[in-house]
Amino acid sequence: MSRDTNFYYSFLVLPREKRRAIVAVWDFCRAVDDTVDEAGAGDAAAELARWRAELASCFDGSVPQTKQGRALQPFIPQFRLPRPAFDALIEGVEMDLHTHRYETFADLYQYCIRVASAVGLICVEIFGYRDPASKQYATDLGVALQLTNILRDVPEDLARGRVYIPLEDFARYKCSEEDLRVEAKRAGHGVQSEAVRRLLAFQAERAREYYRRAAAALPREDARRLVAARIMGAIYHAILRRIERADYDVFTTRIRIPRPERALIAAREWMKAVI
C-alpha cells in the first residue's frame, strides 16, 4: 500500500496479521470502486457482475480468479467478515452507473452507507471490539469520511458529470451546478460566489456532525482496539479543517495532508490510546 493513501498511517499501528487482513480488504474494495471510474458504463456493469461472482467465490470456498480475491479469501473465516457489507459496497459502486444526482440528503446518506460505512463495518471486525455500539461508530465515521471526500472532490466529480451535493441544498442556498462550474473555471482566485461558499460550508458542517456522532458512539472500552479507525478519522477531520481554513476553495488545488503531518496525527492518536 502506498504511503500516499490516507489509510497508510492508520494501518501501521495494527499487528501484522490484522494489517495483512486490512490491506486485503482495502485492495479488494479499491478494485471494485475503480471499476466505474476506469471503464465505460457497459463495461463497468459487466465488471461489477464479475466482482459479484468473485465475492461469491471468496465466501463459498471456490477458487477466486483475481489476486484481490485470493488475498481476501483466507481472512473471511479468520475474522468472520460480513458478506452483506461487501454486497452493500458493490451496490453503492453500482449506483454511480445510473445515479448522478441526489434529491435529498436522505438519498445521499444511503449511498454513503454503502460505499463507506460498509467498509467500516468490515474493518471493525478485523480491529476487534467488545461493545456492539462500535458498529454504530464505524457507520457514523464512514459517513463522515465520505462527506469529507465529497466536499474535497467537488470539481473532480463535476468533471465526471456527478454531483453528490443534494439538490435540496442547492435550492436552500439559491445556488446552481453552473455556479460550481464557474468557480472551477476561476480556480486560483478563491471562491467568489457567496452562495457557493454557504453551500459548501453547510456540507462541511454536516460532515462535522457525523464526526461528532462517531465520537459520541465510540465505546470507551473499545477506544484502544479501534485506534486505527480513530487515526483514519483524525486525518480526514484534518482535511475538513484545511478546507474550512481555505474558505471552502476546493477548486484551486486538491486539499491534502502532507505525509509528516499524517504521521504526527497517527502518533498523537496512538499516544491517546495507550495512555
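Student: What makes up the contact of α2 with α6?

Tutor: On the α2 side are Val 25, Phe 28, Cys 29, Val 32, Asp 33 and Val 36, and they meet Phe 86, Leu 89, Ile 90, Val 93, Asp 96 and Leu 97 of α6. Contact means heavy atoms within 4.5 Å. By class, this contact has ten nonpolar, no polar and two charged residues. Ala, Val, Leu, Ile, Met, Phe, Trp, Tyr, Cys and Pro count as nonpolar, Asp, Glu, Lys and Arg as charged, and the others, Gly among them, as polar. The model is predicted: local features need pLDDT of at least 70, side-chain atom pairs count only at pLDDT 80 or more, and totals for chains, interfaces and linings use all residues. Residues are numbered from 1 along each chain as its sequence is written, and side-chain values use heavy atoms, with hydrogens and water left out.

Student: Why are α2 and α6 called roughly parallel?

Tutor: The axes of helix α2 (residues 16-38) and helix α6 (residues 83-98) come within 8 Å and cross at roughly 20°. Angles under 35 degrees count as roughly parallel, over 145 as roughly antiparallel, 65 to 115 as roughly perpendicular and the rest as oblique. The two helices are therefore roughly parallel to each other. The crossing of α2 and α6 is right-handed, a term used if the near helix is turned clockwise from the far one by less than a right angle, whereas anticlockwise is left-handed.

Student: What makes α8 and α13 roughly parallel?

Tutor: The axes of helix α8 (residues 133-152) and helix α13 (residues 227-245) cross at roughly 30° and come within 10 Å. That angle makes α8 roughly parallel to α13. Their crossing is left-handed. Among the α8 residues that meet α13 are Tyr 137, Leu 141 and Leu 145, and the residues of this contact divide into ten nonpolar, three polar and two charged.

Student: How do you know that the rings of Tyr 102 and Tyr 164 are stacked?

Tutor: Rings of Phe, Tyr and Trp (its six-membered ring) pair if their centres lie within 6.5 Å; planes under 30 degrees apart count as stacked, over 60 as edge-to-face and the rest as tilted. A search of the whole structure finds eleven aromatic pairs. For Tyr 102 and Tyr 164 the centres are 6.1 Å apart and the planes are at 25°, so the pair is stacked. Tyr 102 lies in the loop between α6 and α7 (105-127) and Tyr 164 in the loop between α9 (154-159) and α10 (167-172), so the pair ties together parts that are 62 residues apart in sequence.

Student: Why is the pair of Tyr 111 and Tyr 164 stacked?

Tutor: Their ring centres are 5.2 Å apart and their planes are at 25°, so this pair is stacked. Tyr 111 belongs to helix α7, 53 residues from Tyr 164.

Student: Are Tyr 111, Tyr 164 and Tyr 102 buried or exposed?

Tutor: Buried means under 20% relative accessible area, exposed over 50%, and partly exposed in between (1.4 Å probe, protein chains only). Tyr 111 has 4% and is therefore buried. Tyr 164, at 7%, counts as buried, and so does Tyr 102, at 2%.

Student: Why is Phe 202 called partly exposed?

Tutor: Phe 202 has a relative accessible area of 23% and is therefore partly exposed. Phe 202 is found in helix α12 (residues 194-217). Not counting residues up to four places away in sequence, Phe 202 touches Asp 169, Arg 172 and Tyr 173.

Technical notes: Axes are lines fitted to C-alpha atoms, for helices over the stretch in contact, and angles run from 0 to 180 degrees between N-to-C directions. Helices (H or I, at least four residues) and strands (E, at least two) are DSSP runs, numbered from the N terminus.
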